[in-house]
Amino acid sequence: MSVLMRSLALAAAAIAAAPAAQAQAYPAKPVRLIVPYPAGGATDFFARTVFTKMSESLGQQVVVENRPGAGTAIGASEVARSTPDGYTLLLGDAGTYAFNPTLYRKLSYDPVKDFAPVSLTGRFALILAVNPAVQTASVKEFVAAAKRSPGNIDYGAPGPGSPIHLAMEFFKQRADIIMTPIPYKGGADAMTDLIGGRISAMFPDIASALPQIRGGKLRALAVASDRRVAALPELPTLGESGYPGFEAWAWQGFVAPAGTPPNVVTKLHGSIRKVLALAEVREKLRNAGIEPASSNTPEEFAAFVRSQADTRSKVIQAVGMKLD
């Protein structure tokens, strides 16, 4: 073989080996995880509980950054525009991936085309809760009060189109009641006002509401799940309270920008599964009312998102909600 041919062969081999070398090298620097909500909510809690733990398995720090606003679109758009190298990730929720395409007339990202799914991470039930000053001790009493004074009961609507907001919209439709929404950028601010009595009701996630319920700062009326939750076994479901089949869950999953190398996606998927399998992590999440996701592949997560988007789009259209 001539010197020229040998050089060309070596160059071709080097090019072919480059992806494998990159996979072995990843991650070579800290990884950013964008959370499209303010600090203090359930998504932020999950990120700081689980993804910072991924630093150990990845061998690089995972830095959580909050980018709230526009129904999670600000954070989602930032990740969608990022270099697809595995160093900028998104922990989004049902609103990010399944609700927003139907809710918004114009959306600054495409949840299907702009992301590479990595893994479903968990879900948590929402709870119908009121400030203790509200004189209702059950769902039946709450609905009766709303019907006596249409529009006089207000409720927190954080992140327009978020699971928390939509849960109340769906419940209003199901119970045939009129209430007044009070918008907030995130669940933490709405929770503060609910505790302070500046708003009367909300469908907070169980992770955020649990300490306040146990401390007597909120009164829980029902949980919007298919069964009672272990963290509050005495709390009835909405199905038991007269609304069979009514469920409202917030679920989360994380993605990378579209075009991220498959070997990087595989490594990220393996890392999150390892962390979610840790007994201490699962216990901490469950104590907060969060159900960690069982093992699932990126392909299964993508199919789950498509199914949720199809189901929720019909409900959102039935409610008649549309956002600019």
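Which strand is joined to β1 by bridges, and do the two run parallel or antiparallel? Strand β2 (residues 62-66) is joined to β1 by five bridges, and the two strands run parallel.

## Basis of the model

This is a predicted model, in which local features need pLDDT of at least 70 and side-chain atom pairs count only at pLDDT 80 or more, while totals for chains, interfaces and linings use all residues. Residues are numbered from 1 along each chain as its sequence is written, and side-chain values use heavy atoms, with hydrogens and water left out.

Strands (E, at least two residues) and helices (H or I, at least four) are DSSP runs, numbered from the N terminus. Two strands pair if DSSP finds at least two bridges between them.

β1 covers residues 31-35, and four of its five residues are buried. Here buried means under 20% relative accessible area, exposed means over 50%, and partly exposed lies in between (1.4 Å probe, protein chains only).

## Loops beside these strands

Pro27 sits in the loop between α1 (3-25) and β1. A cis peptide bond, with omega of about -10°, joins Tyr26 to Pro27.

The loop between β2 and α3 holds Ala70 and also Thr72. Ala70 has a positive phi of about 55° without being a glycine, and Thr72, also not a glycine, has a positive phi of about 80°. Ala70 counts as partly exposed, at 43% relative accessibility, whereas Thr72 counts as buried, at 2%.

## Helices α3 and α4

Helix α3 (residues 73-80) is largely enclosed by the rest of the structure, because six of its eight residues are buried. These are Ala73, Gly75, Ala76, Ser77, Glu78 and Val79. The buried residues of α3 pack against β1, β3 (88-93), α4, β4 and β10.

Helix α4 (residues 94-103) contains Thr102. Thr102 is buried, with a relative accessible area of 13%. Contact means heavy atoms within 4.5 Å. Apart from neighbours within four places in sequence, Thr102 is in contact with Ser313, Ile316, Gln317 and Lys322.

## Nonpolar core

The largest nonpolar core has 107 residues. Such a core is a set of buried Ala, Val, Leu, Ile, Met, Phe, Trp, Tyr and Cys residues joined through side-chain atoms within 4.5 Å. Phe51, Phe171 and Phe203 have the most contacts inside the core.

When neighbours within four places in sequence are set aside, the contacts of Phe171 include Leu128, Val139, Phe142, Val143 and Phe203. Also among them are Asp176, Ile177, Leu238, Tyr243 and Phe246.

## Cavities

On a 1 Å grid over the protein atoms alone, a cavity is a set of points where a 1.4 Å probe fits but cannot get out, and a pocket is an open set with protein on both sides within 12 Å along at least five of seven lines; lining residues have an atom within 4 Å of a point. Grid points are joined across faces, edges and corners, and a volume is the space filled by probe spheres set on the points. The structure has three cavities of 30 Å³ or more.

The largest cavity has a volume of about 190 Å³. Its lining has 18 residues, with Tyr37, Ala42, Thr43, Ile164 and Asp205 nearest the centre. α2 (42-58), α6 (163-175) and α7 (187-196) each give at least two residues to this lining. By class, the lining of the largest cavity has 10 nonpolar, six polar and two charged residues. In this scheme Ala, Val, Leu, Ile, Met, Phe, Trp, Tyr, Cys and Pro are nonpolar, Asp, Glu, Lys and Arg are charged, and the others, Gly among them, are polar.

The second largest cavity holds about 70 Å³ of space. Residues lining this cavity include Phe99, Leu126, Trp249 and Arg312. Helix α6 supplies the largest share of the lining, four residues. Eight of the lining residues are nonpolar, none is polar and two are charged.

## Largest pocket

The largest pocket has a volume of about 270 Å³. It is lined by 16 residues, and Leu120, Arg123, Trp249, Trp251 and Phe304 are the closest to its centre. At least two lining residues come from each of β4 (115-125), β10 (249-257), β11 (290-292) and α11 (298-319). The lining of the largest pocket divides into seven nonpolar, five polar and four charged residues.
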